[in-house]
Amino acid sequence: MSFPRFQAAFLYLFLLFGSSLVVESAIGVNWGTISFHKLKPTTVVDLLKSNRIQKVKLFEADPSVLKALMGTGIQVMIGIPNEMLASLSSSLLASDLWVRHNLSSYVVKGGADIRYVAVGNEPFLSSYNGEYQSYIMPALLNLQQSLARANLASYVKLVVPCNADAYESSLPSQGAFRPELTQIMTQLVSFLNSNGSPFVVNIYPFLSLYGNSDFPQDYAFFEGTTHAVTDGSNVYYNAFDGNYDTLVSALTKIGYGQMPIVIGEVGWPTDGAMGANLTAARVFNQGLINHVLGNKGTPLRPGTPPVDVYLFSLLDEGAKSVLPGNFERHWGIFSFDGQAKYPLNLGLGNKVLKNAKHVEYLPSRWCIANPFRDLTDVANHIKLACSVADCSTLNYGGSCNGIGAKGNISYAFNSYYQLQMQNEKSCEFDGLGMITFLDPSIGECRFLVGVTDSRSLSSPPSSASGIAWVSLIWFFWTLVL
Ligand SMILES: *[C@@H]1O[C@H](CO)[C@@H](O)[C@H](O)[C@H]1NC(C)=O
Ligand SMILES: *[C@@H]1O[C@H](CO)[C@@H](O)[C@H](O)[C@H]1NC(C)=O
Ligand SMILES: *[C@@H]1O[C@H](CO)[C@@H](O)[C@H](O)[C@H]1NC(C)=O
């Protein structure tokens, strides 16, 4: 690219996004969309705006999401799923097409301010057994060439979000990349460095606590610890700093100790496991935000906090795989419908979280177990309902774990019924299900009502009065229990 063209492109982009260049907030959010009950993208963008969130990370280039972000000045990182790496690594045409279709068409006047492209997501996770490893460098080189051809190379940076299990050690100062990754990490970091890209890492003290019963609980938080880690002349008071400096040491070992670091994901879930609850999530996230915005940095990088920190996550995603654990669907600082779960000061100007506005819910109706039926044959229905709908809060450590056998059945029925957009037939369960107008939520256990989406609504129930009648019986039935 010739120098004058570069200047022109930069001036153009500066004029485009000039205002957002001035606002530099370090706290952003991950916006994942693996949900049964999706809010409209415009509703979510309004939620971002009312909470003054200026940076958002997406897991793929979803056209409706990118359209909603156009003209907002919100800075965007878009992800390329691991499954696309093979084709992008083997074909410059594929990477040209990706850039044209998913980038150039949005980075226009009044468009979406896309600053980063995340190439793959945690591609070095040990559980992938190296499946994506060999694609990373060729995919980066192709995409960089495609960016240059589209005159975007000076503005859009390629990054690769890494999982924290890419490096290891018992003490931060001993940190090193996993031996089998040393070579590719050296290539990757050298590439990032020559393009002015940061190293993106995901850090999860919750997972350390969840996966290891010996892990000192207070070390996962930022409130001070009775288990400080002494490393030479440095002392670590929280797992986040320890982990971060382990990465700094690993980068130093391969010759890039000064590489800027972005936290691609960090957070705490609120449900689905012991230790995943509202209090812990609030204390962790607030502690993290205060720690980062305090600009103290870490022992190995004093005074230099991470460039940006993307909280995981903005919203709960009820359709995610629970393979990692039942908590996986409950990382949001907002529930699936954009309601704040706990008070949190993001440090962006508002002292508390503001809820999503104009959320369009389905009618206030729930599906529950019919109290007058023998429920002994219900097991298969529950199995089926919970194999597609979300029942993750019913399990040990979840907010609905203590609601009893009948409660379990009702919860499963309702989850399925809402997933089916309250289609009447979806509450039949061979006559074992029943629709009610009374919210069956019990204590902390919330029986959700879905939100409308672009799919057409199911027809309204044929006999509303009949439903009200059974609801009344249900009401008295619960009173006598
Ligand atoms: C653009 O991104 C989407 C979402 O990741 C993907 O499905 C699509 O194939 C991409 N387009 C091209 C031309 O690669
Ligand atoms: C919430 O989780 C924290 C640890 O993550 C735990 O110490 C605390 O007891 C939990 N609180 C409740 C009410 O379960
Ligand atoms: C409700 O379901 C959960 C999850 O399957 C189970 O752990 C719990 O024991 C059930 N409760 C009763 C009373 O059956």
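Trainee: Let's start with Phe-413 and Phe-429: are they buried or exposed?
Mentor: This is a predicted model, so read everything here as computed from it. The cut-off for burial is a relative accessible area under 20%. Phe-429 has 9%, so Phe-429 falls below it. Phe-413 gets the label too, and the word for both is buried.

Trainee: Which other loop residue has a positive phi of about 60 degrees without being a glycine?
Mentor: Look again at the loop between H12 and S17, where Gln-422 sits. That residue has a relative accessible area of 2%, so it counts as buried. The residue with the positive phi of about 60 degrees is Gln-422.

Trainee: Where is the cis peptide bond, and what is its omega?
Mentor: Peptide bonds are mostly trans, as a general rule. Here the exception has Ser-313 on one side, in the loop between strand S15 (309–311) and strand S16 (366–369). The bond joins Phe-312 and Ser-313, with omega at about 20 degrees.

Trainee: How many aromatic pairs turn up in the whole structure, and what angle do the planes of Phe-206 and Trp-268 make?
Mentor: The search returns 23 aromatic pairs. Phe-206 and Trp-268 form one of them, 5.2 Å centre to centre. An angle over 60 degrees counts as edge-to-face, and this pair is labelled that way, its planes being at 75 degrees.

Trainee: How far apart in sequence are the parts that this pair ties together?
Mentor: Phe-206 is in helix H8 (residues 205–211), while Trp-268 is in the loop between strand S12 (261–266) and helix H10 (278–293).

Trainee: On to the ligands: how much of ligand 2 does the protein cover?
Mentor: The residues around ligand 2 include Phe-221, Trp-268 and Ala-280. Its oxygen atoms make polar contacts: 2.4 Å to a polar side-chain atom of Gln-217, 3.0 Å to a polar backbone atom of Gly-275, and 2.4 Å to a side-chain N or O atom of Asn-277. Of the 360 Å² of accessible area that ligand 2 has on its own, the protein covers 50%.

Trainee: What share of ligand 1 does the protein bury?
Mentor: Ligand 1 is surrounded by residues including Trp-98 and His-101. An oxygen atom of ligand 1 is 3.2 Å from a side-chain N or O atom of Glu-60, and an oxygen is 2.3 Å from one in the side chain of Asn-102. Taken alone, ligand 1 exposes 360 Å², and the buried share is 66%.

Trainee: How many charged residues are in the shell around ligand 1, and how many in the shell around ligand 2?
Mentor: The ligand 1 shell has five nonpolar and two polar residues, plus one charged. Around ligand 2 there are three nonpolar and three polar residues, and the charged count is no residues.

Definitions and conventions: Residues are numbered from 1 along each chain as its sequence is written. Chains are lettered from A and ligands numbered from 1 in the order in which they are written. This is a predicted model: local features need pLDDT of at least 70, side-chain atom pairs count only at pLDDT 80 or more; totals for chains, interfaces and linings use all residues. Side-chain values use heavy atoms; hydrogens and water are left out. A residue is near a molecule or strand if one of its heavy atoms lies within 4 Å of it. A polar contact is a pair of N or O atoms within 3.5 Å; within protein, one must be able to donate a hydrogen and the other to accept it, and residues adjacent in sequence count only if both atoms are side-chain atoms. Accessible areas come from the Shrake-Rupley method with a 1.4 Å probe; for residues, only the protein chains shown count as cover. Ala, Val, Leu, Ile, Met, Phe, Trp, Tyr, Cys and Pro count as nonpolar, Asp, Glu, Lys and Arg as charged, and the others, Gly among them, as polar. Rings of Phe, Tyr and Trp (its six-membered ring) pair if their centres lie within 6.5 Å; planes under 30 degrees apart count as stacked, over 60 as edge-to-face and the rest as tilted. Helices (H or I, at least four residues) and strands (E, at least two) are DSSP runs, numbered from the N terminus. Buried means under 20% relative accessible area, exposed over 50%, partly exposed in between (1.4 Å probe, protein chains only).
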